[in-house]
Amino acid sequence: MTDVDLLSIVQPADGWFAVVGVKGSGADIKRQQHLVETREEVDALTARMVRNKWNVFFGVAKYATDENRKKTNVQALRAFWLDIDCGPTKAIPNPKTGRPDGYIDQATGLQALQAFCKTVGLPRPLLVNSGRGIHVYWPLTRDVTREEWEPVANRLRELCNTHNLIVDPVVFEVARILRIPGTLNFKDDPPKQVTVICDSSPVEFNEFRKLLGVKETKPLEVPQRPRSNLDRKSTRLNSSH
């Protein structure tokens with residue numbers, strides 16, 4: 001375990017933060033979403049939600065305005081990521097797909113990830129113990145736009161499928177959310193800690209792109225965030241995570 005501040009490494013410096021809380025399950029599930037301007041607001045929201053036993057997530061991208069968490073509002077990104085599910089039920093083949101949704105435990109998931117990185121030639125990633133599974137990040141040395149990010153993320157998904165690395169397929173999208181280290185995963189009783197377990201060095205975007213075999217695109221300037229006059233109140237989360 002390490003004291004790395006994940007958000008400061010994998011997020012752009014400028015833009016609106018998205019903080020999402022999820023509580024309960026099934027018909028009783030509750031959700032709340034906040035788009036806030038400062039890290040202080042993020043930390044205060046996170047602490048409050050953990051005290052009230054909410055699972056807390058952050059948008060890995062940052063947003064141009066506080067209007068919504070849609071991909072069209074993404075201003076910039078500074079990382080690529082994977083979500084590897086682990087647990088005995090995840091290792092059982094899914095009747096819909098004929099394959100498991102994850103690995104029986106984190107050790108098995110980590111072995112599969114290490115083999116994948118070696119085969120593809122990817123650098124060592126930053127790893128987060130999500131309480132059950134593993135969140136995998138490759139931080140970047142510069143901010144990138146959605147247009148730059150998407151072709152590389154799509155190729156990363158293709159390579160996971162080609163090399164049979166079992167990952168959550170929905171996270172290859174700019175507006176995805178992942179758990180904040182320092183919070184608790186309340187899916188278990190007692191709840192489990194979410195912690196950074198392995199740090200890594202940022203990689204240059206073009207180097208990462210070349211490793212995945214993605215053709216170069218013309219670099220795009222990350223737009224500056226406009227000032228918003230909207231009231232920064234909570235908005236309801238429209239999709240389940």
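I take buried as under 20% relative accessible area, exposed as over 50%, and partly exposed as in between, with a 1.4 Å probe and protein chains only. Strands are DSSP runs of E with at least two residues, helices are runs of H or I with at least four residues, and both are numbered from the N terminus.

I note that this is a predicted model, in which local features need pLDDT of at least 70 and side-chain atom pairs count only at pLDDT 80 or more, while totals for chains, interfaces and linings use all residues. Residues are numbered from 1 along each chain as its sequence is written, and side-chain values use heavy atoms, with hydrogens and water left out.

**Entry 1: the whole protein**

I recorded 5 helices and 11 strands in the protein. Of its 241 residues, 49% count as buried. The protein exposes about 12,100 Å², and carbon and sulfur atoms supply 49% of that area. Accessible areas come from the Shrake-Rupley method with a 1.4 Å probe; for residues, only the protein chains shown count as cover. I then turned to contacts, meaning heavy atoms within 4.5 Å. Among contacts between residues at least 6 apart in sequence, 73% join residues at least 24 apart.

**Entry 2: the sheet that holds β1**

In what order do the strands of the open sheet of 4 strands stand? I read the order as β2-β1-β3-β8, with antiparallel pairing. Two strands pair if DSSP finds at least two bridges between them. The edge strands are β2 and β8, each pairing on one side only. The twist averages 30° from one strand to the next.

I followed the pairs in turn. β1 is joined to β2 (residues 30-36) by 7 antiparallel bridges. Along this pair, Gly21 has Gln32 in β2 as its bridge partner, and Lys23 stands opposite Lys30. The two strands form a hairpin with 6 residues between them, and Gly24 in the turn has a positive phi of about 80°. On β3, 4 bridges join the strand to β1 in the antiparallel sense, and Phe57 is the bridge partner of Val20. β3 also pairs with β8 over 3 bridges, again antiparallel, with Phe58 opposite Leu178 in β8.

Why is β2 described as largely enclosed by the rest of the structure? I found that 5 of its 7 residues are buried, so β2 is largely enclosed.

I then looked up Lys30, which lies in strand β2. Leaving aside neighbours within four places in sequence, Lys30 is in contact with Gly21, Val22, Lys23 and Trp54. Lys30 and Trp54 are 24 residues apart along the chain, and their C-alpha atoms are separated by 9.1 Å.

**Entry 3: the sheet of 5 strands**

I traced a further open sheet of 5 strands in the order β4-β5-β7-β6-β11, with antiparallel pairing. The edge strands are β4 (62-63) and β11 (195-198), each pairing on one side only. Strand β5 (residues 74-84) and strand β7 (residues 134-144) pair over 7 bridges in the antiparallel sense. Trp81 stands opposite Tyr137 in β7.

Which strands does helix α4 (residues 146-162) touch as it packs on the sheet? Helix α4 touches β5 and β7, and its direction makes about 10° with that of β5. Helix α3 (residues 106-120) lies across β5, β6 (126-129) and β7, running at about 40° to β7. Axes are lines fitted to C-alpha atoms, for helices over the stretch in contact, and angles run from 0 to 180 degrees between N-to-C directions.

**Entry 4: Asp105**

I located Asp105 in the loop between β5 and α3. Asp105 is partly exposed, with a relative accessible area of 34%. Not counting residues up to four places away in sequence, Asp105 touches Cys86 and Gly87. Asp105 and Arg132 are 27 residues apart in sequence and 8.3 Å apart in space, C-alpha to C-alpha.

**Entry 5: the lining of the largest pocket**

Which residues lie nearest the centre of the largest pocket? I listed Asp83, Asp85, Lys90, Asp168 and Lys187, among 43 lining residues. A pocket is an open set of points on a 1 Å grid over the protein atoms alone, where a 1.4 Å probe fits, with protein on both sides within 12 Å along at least five of seven lines; lining residues have an atom within 4 Å of a point.
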